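This report describes a structure with attention to its packing, its sheets and the meeting of its chains. The sequence and model are shown first.

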Protein chains: 2
Amino acid sequence: MRQSELFTKTRRETPADEVSKNAKLLVRGGFIAKEMAGVYSFLPLGLRVLSKIIGIVRREMDSIGGREVFLSALQEKEIWKKTDRWDDEKVDIWFKTKLRIGGELGLAFTHEEPLTRLMKEHIRSFRDLPAFLYQFQTKFRNETRAKSGILRTREFLMKDLYSFCRTKEEHEAFYDRVKETYRRIFKAVGLGDRTYLTFASGGSFSKYSHEFQTETEAGEDVIHLCEKCLIAVNDEIIKEQKVCPNCGSAALVKKNAVEVGNIFSLGTRFSEAFALLFLDEGGKRQPVIMGSYGIGPARVMGTVVETSSDERGIIWPASIAPFSLHLISVGGRDKNVSARADELYKKLSSKGVEVLYDDRDASAGEKFADADLLGIPLRVVAGKEAVEKGRFEIKDRKSGKVSFKAETELMKL
Amino acid sequence: MRQSELFTKTRRETPADEVSKNAKLLVRGGFIAKEMAGVYSFLPLGLRVLSKIIGIVRREMDSIGGREVFLSALQEKEIWKKTDRWDDEKVDIWFKTKLRIGGELGLAFTHEEPLTRLMKEHIRSFRDLPAFLYQFQTKFRNETRAKSGILRTREFLMKDLYSFCRTKEEHEAFYDRVKETYRRIFKAVGLGDRTYLTFASGGSFSKYSHEFQTETEAGEDVIHLCEKCLIAVNDEIIKEQKVCPNCGSAALVKKNAVEVGNIFSLGTRFSEAFALLFLDEGGKRQPVIMGSYGIGPARVMGTVVETSSDERGIIWPASIAPFSLHLISVGGRDKNVSARADELYKKLSSKGVEVLYDDRDASAGEKFADADLLGIPLRVVAGKEAVEKGRFEIKDRKSGKVSFKAETELMKL
């Protein structure tokens, strides 16, 4: 994409109303725009990052047999009464609204209730199970705090997966499979080396649930990490369990962290409330055993910014960068330089390389500052040397390493 | 996808609470599920159709220079006060809600206001224009009527495109370009031969706006069609203009129709309210000239069902069908047949053909009835003949034409 045709502008100054690093950098880069406290819109660069994260998560969900659905945000009171999650005293993050024709509705903060009811139409016998459903859907949560940029917002996209199994064993095998899948996802988006499986409270069906916590100063959560096993317990669990759940070591280190994912065994809580039963092989009706598994793609995006940036801007991992290569023409009004840059842009694009091409009428300094802020992994500079000596300067955004390459070498990157 | 692994089930009986053909067939086929009146969820088959429609629209939006964004659903009162569209007496389809920390919010029924405000950050001079932004975003409309299935819902995905131009001429050229683009889109999704450009009221900036209306008995709108020019005027315009806007003929035919798209010239209504100004080439501040252009992908899907089905079920156009080929194994428990069908399924899939494979333990009659209901364009039957004579029966869902082909011929389809 030609940067002259990307309508967004970067900002020099840090937005005065943002305290979090992720929002400061993402707003300055034109990735997101603040609509109000805790509510952000995604601009083209930000949506490209978000879409890449979604793509990675979707592939992994499909690979474990997930079937994608898209449920509604509007929710009717009756189904949430069944599980006693309608009253504001029970769930204090509802946004509620009213139908003109009469009646109160809620905006979904999660989807166990509607999905369990929906499955009653489709599950009859053991042959219909197991079933794994997921969606990318906007959740609404009436949060009181909203200072962490896109780490905690009142409206956000969430990938939620739900499992429906016949037996505890079948459920546990899938639960473990999701654990591994989540590890792959966090590795793929560039958070692998600081994201830890974290033991959390389990509710009535199982002793523990699990969170995936990414270590960062920006995190609102506290985890207690066993640096040997790379497993943590959350702040709630530490009161009962003061040692590493794996090796028993008591040398746990306190860290700030962001919960980037969580997995829960729901047992039969929802299936019993909705009478979601199946006929087992012996002809007996049994409640379905459920699990739920969440990842917030925008929170992942914000967490990457918190953990991968420097004083000049963002450093995107290649897998989720808005573009893979930032081509910058720095010839001023020299037409030979811009023609050479145009040519390279066309060649790279036709090879399928995702190029952001800074063809703007701006100073080299301004372009370099913007490139650092935007954080595309590779910066390729087309200047006088490109025309005169056929050499392009290449800079790796992460390492800062500079090299020079001819076009033929560039095409092999 | 193996049908045994698709968790949804078809229904024999027509849902008692649906009056529209689209909802009856889509619910029976397991494409959608009703959450409440006017609110539907999308199940895997339905989401596949919806995603294909979105894909077609997205490609066309990109081809005319559209930049994709994703704005928030939650809206703050202040910006809608600026255009006098906050009060329920002015706009009677708002869903409103409250922040726990205090303050009233709305759920966006359209996005002119937040987008115009957002563009103030990015538009300064004539060099920043024109700009074309679009999104696929959920809109909320507090409708009183909700009997038309997914043709009119209280929550629905919408593609909305907004244009920002310097001059009336630039705006009009883009407006005409969108007209042509919309024609291509409706043709691509299979509605081309019964979708008409329809003249509608224009507001203060231009005499007309335009709708794209698809002729169908199910339509809630009435259009007056010139059968010579294939141009229509809507029910509002007919009072002033009793002739065809193109040829002047008064022989207009009254038809029921669904509005599948609309395009509006917004003029400077929003840019003046928000002081969205640009510095023109002469150094003078001018308000930006805007347009908005909508298509509802789910409404398009519902309209296709209304116009392309028979007494046995849906007939999807190939471009938006959930799968291109429905492979049906009808050997009962004959293992030779199921092995042969398995083999063909694998070969077709590895060739990139999107196959729904009915490998279920069910009768041939049940499978055929389901195939007709689901409406995948080509049905391929693997039975005893496939094993004994190497022939597969192929049936075209639309024409009903049956032919027999060997595997080598099938692979060329």
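Leu327(B), leaving aside its neighbours within four places in sequence, is in contact with Ala341(B), Leu344(B), Tyr345(B), Val355(B), Tyr357(B), Asp358(B), Val380(B) and Ala382(B). Contact here means that the C-beta atoms of two residues, placed from the backbone, lie within 7 Å. The model is predicted: local features need pLDDT of at least 70, side-chain atom pairs count only at pLDDT 80 or more, and totals for chains, interfaces and linings use all residues. Residues are numbered from 1 along each chain as its sequence is written, while chains are lettered from A and ligands numbered from 1 in the order in which they are written.

Leu327(B) also belongs to the largest nonpolar core, which has 240 residues; Leu327(A), Ala382(A), Leu327(B) and Ala382(B) have the most contacts inside it. Such a core is a set of buried Ala, Val, Leu, Ile, Met, Phe, Trp, Tyr and Cys residues joined through C-beta atoms within 7 Å. A residue is buried if 20 or more other C-beta atoms lie within 10 Å of its own, exposed if 12 or fewer, and partly exposed in between, with C-beta atoms placed from the backbone.

Of the 413 residues of chain A, 50% count as buried. Chain A has 11 helices and 23 strands, where helices (H or I, at least four residues) and strands (E, at least two) are DSSP runs numbered from the N terminus. Among its contacts between residues at least 6 apart in sequence, 68% join residues at least 24 apart.

Helix H1 (residues 21-28) and helix H7 (residues 297-307) of chain A pack at about 95 degrees, with their axes 8 Å apart. Axes are lines fitted to C-alpha atoms, for helices over the stretch in contact, and angles run from 0 to 180 degrees between N-to-C directions. H1(A) is therefore roughly perpendicular to H7(A), a label for angles of 65 to 115 degrees. Lys21(A), Asn22(A), Leu25(A) and Leu26(A) of H1(A) meet Gly302(A), Val305(A) and Glu306(A) of H7(A). In chain B, helix H7 (residues 297-307) is mostly covered, with 11 of its 11 residues buried.

An open sheet in chain A has three strands in the order S4-S6-S5, with antiparallel pairing. S4 and S5 stand at the edges with a single partner strand each, so one side of each has no neighbour in the sheet. The twist averages 40 degrees from one strand to the next. Strands count as paired if DSSP finds at least two bridges between them. Three pairs in chain A are listed below.

| Strand pair | Sense | Bridges |
|---|---|---|
| S5(A) and S6(A) | antiparallel | four |
| S21(A) and S22(A) | antiparallel | four |
| S22(A) and S23(A) | antiparallel | four |

Phe95(A) has Leu107(A) in S6(A) as its bridge partner. Glu393(A) in S22(A) stands opposite Val381(A) and also opposite Phe404(A) in S23(A). The hairpin of S22(A) and S23(A) has five residues between the strands, and Gly400(A) there takes a positive phi near 80 degrees.

Between the chains, 43 residues of chain A are in contact with 43 residues of chain B. On the chain A side, S2(A) gives the largest share, four residues. By class, that side has 22 nonpolar, nine polar and 12 charged residues. Ala, Val, Leu, Ile, Met, Phe, Trp, Tyr, Cys and Pro count as nonpolar, Asp, Glu, Lys and Arg as charged, and the others, Gly among them, as polar.

Technical notes
Parallel < 35°, antiparallel > 145°, perpendicular 65-115°, else oblique.
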